[in-house]
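Good morning, and thank you for making the time.

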Amino acid sequence: MNGGPSGFNNAPVTKTFVIASAIFSIFLRIKGGPNKLGLSYQDIFRNPRLWKLILSVFAFSSTPEMMFGLYLLYYFRVFERQIGSNKYLVFILFSVIVSLLFEVFAVALLKDPSANLLTSGPYGLIFASFVPFYFDIPVSTRFHIFSNHFSDKSFIYLAGVQLLLSSWKRSILPGICGILAGSLYRLNLFGIRKAKFPELIASFFSWLSWPSTGSPQGATTRNVTGSALSHAGRHVERTYPAPMAPSTEPTQDAIATLVSMGFDGSSARQALVQARNDINTATNILLEALSN
């Protein structure tokens, strides 16, 4: 299972965030500062440190956490491809801010000035992403190992569990706060799912990130939706009217655009035929297929 085409094609915000997180984490390890990271009651209420709060959003406190965390951030780029960079920026800010508010509330309840209660790293964003991953990404492959049932999504869940338990209590609390933030986003609190940044902001991230390596935009690689999208696409045919005859063959550019968003080639072609080559309508068809 993968997050669509390899590399950071059409995911400039994810690329910028991953690079920033890696740089901060490695720099602090070189400087011998990982032990200084993490948030405590004293850092928030008695001696507020803004720099520590900012670093806690980006920098992981250990190498294993950084490896699993960056892998999950890289995988979840599929959501930026599906909803667009403008809306994904809103998702990032909402997840980070709301999860931090939950963490501050939890630290205030525990009131332990001597303990470094929360580990450092973008736990809020990572575990908020597990909410749409659970609800919106279908299983495409199932298999058994010693009578135990697994799917292609199991590896992502295992990486998440490893990250959640990496620092035991110090990492479990930020992880739970991230899941709560992701749940509130999915519930469309204050209509947050309709909010998006201006196109200029997304263009800035595209300019900021240097050219990506990986499969080209037109590559028809198999994505996370797999065969489930094709099956769901057949179900959606009953909802959307069939194209007028004679139907227009979808252009390769239109198919490539949908593939770059994380959909597989056959489902993209089928959706474009149903939508009469309207990319926006085809995208809605594919996203509706994901939710069924």
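Let me begin with a question: is tryptophan 168 buried or exposed? Tryptophan 168 is exposed, at a relative accessible area of 52%; here buried means under 20% relative accessible area, exposed over 50%, and partly exposed in between, with a 1.4 Å probe and protein chains only.

Before going further, a word on the source. This is a predicted model, in which local features need pLDDT of at least 70 and side-chain atom pairs count only at pLDDT 80 or more, while totals for chains, interfaces and linings use all residues. Residues are numbered from 1 along each chain as its sequence is written, and side-chain values use heavy atoms, with hydrogens and water left out.

Tryptophan 168 sits in the loop between α8 and α9. Although not a glycine, tryptophan 168 has a positive phi of about 55 degrees. Asparagine 188, in the loop between α9 and α10 (199-208), also has a positive phi, near 60 degrees, in a residue other than glycine. Asparagine 188 counts as partly exposed, at 29% relative accessibility.

Now the chain as a whole. The protein chain has 14 helices and 2 strands; helices (H or I, at least four residues) and strands (E, at least two) are DSSP runs, numbered from the N terminus. Of its 292 residues, 48% count as buried. Among contacts with a separation of 6 or more, 81% join residues 24 or more positions apart, where contact means heavy atoms within 4.5 Å.

I turn to the interior. In soluble globular proteins, nonpolar side chains tend to be buried together. A nonpolar core, as used here, is a set of buried Ala, Val, Leu, Ile, Met, Phe, Trp, Tyr and Cys residues joined through side-chain atoms within 4.5 Å. The largest such core has 39 residues, and Leu72, Phe76, Leu125, Ile126, Phe130 and Phe133 have the most contacts inside it. The elements that each give two or more residues to this core are α1, α4 (63-75), α5, α6, α7, α8 (154-164) and α9. Helix α6 gives the largest share, 9 residues. Leaving aside neighbours within four places in sequence, isoleucine 126 is in contact with Phe60, Gly69, Leu72, Leu73, Phe76 and Leu163. A second, separate core of 14 residues includes Met261, Leu272, Ala282 and Leu286. Leu272 is also one of the buried residues of helix α13 (residues 265-274), with Gly265, Ser267, Ala268, Ala271 and Gln274.

How do α1 (residues 12-30) and α3 cross? Their axes come within 8 Å and cross at roughly 120 degrees; axes are lines fitted to C-alpha atoms, for helices over the stretch in contact, and angles run from 0 to 180 degrees between N-to-C directions. Phe17, Ala20, Ser21, Phe24, Ser25 and Leu28 of α1 meet Leu55, Val57 and Phe58 of α3. This contact comprises 7 nonpolar, 2 polar and no charged residues; Ala, Val, Leu, Ile, Met, Phe, Trp, Tyr, Cys and Pro count as nonpolar, Asp, Glu, Lys and Arg as charged, and the others, Gly among them, as polar.

Next, alanine 181, which is found in helix α9. Alanine 181 is buried, with a relative accessible area of 0%. Beyond its neighbours within four places in sequence, alanine 181 is in contact with Phe94, Ser95, Val98, Ser99 and Phe102. Alanine 181 and glycine 124 are 57 residues apart in sequence, and 7.3 Å apart in space, C-alpha to C-alpha.

On a 1 Å grid over the protein atoms alone, a cavity is a set of points where a 1.4 Å probe fits but cannot get out, and a pocket is an open set with protein on both sides within 12 Å along at least five of seven lines; lining residues have an atom within 4 Å of a point. Grid points are joined across faces, edges and corners, and a volume is the space filled by probe spheres set on the points.

The whole structure holds 2 cavities of 30 Å³ or more. Of its 15 lining residues, Ser56, Leu100, Glu103, Gly121 and Gly124 lie nearest its centre. Helix α6 supplies the largest share of that lining, 4 residues.

Finally, the largest pocket has a volume of about 450 Å³. It is lined by 15 residues, and Ile83, Asp136, Tyr185, Arg193 and Leu287 are the closest to its centre. The lining of the largest pocket comprises 8 nonpolar, 3 polar and 4 charged residues.
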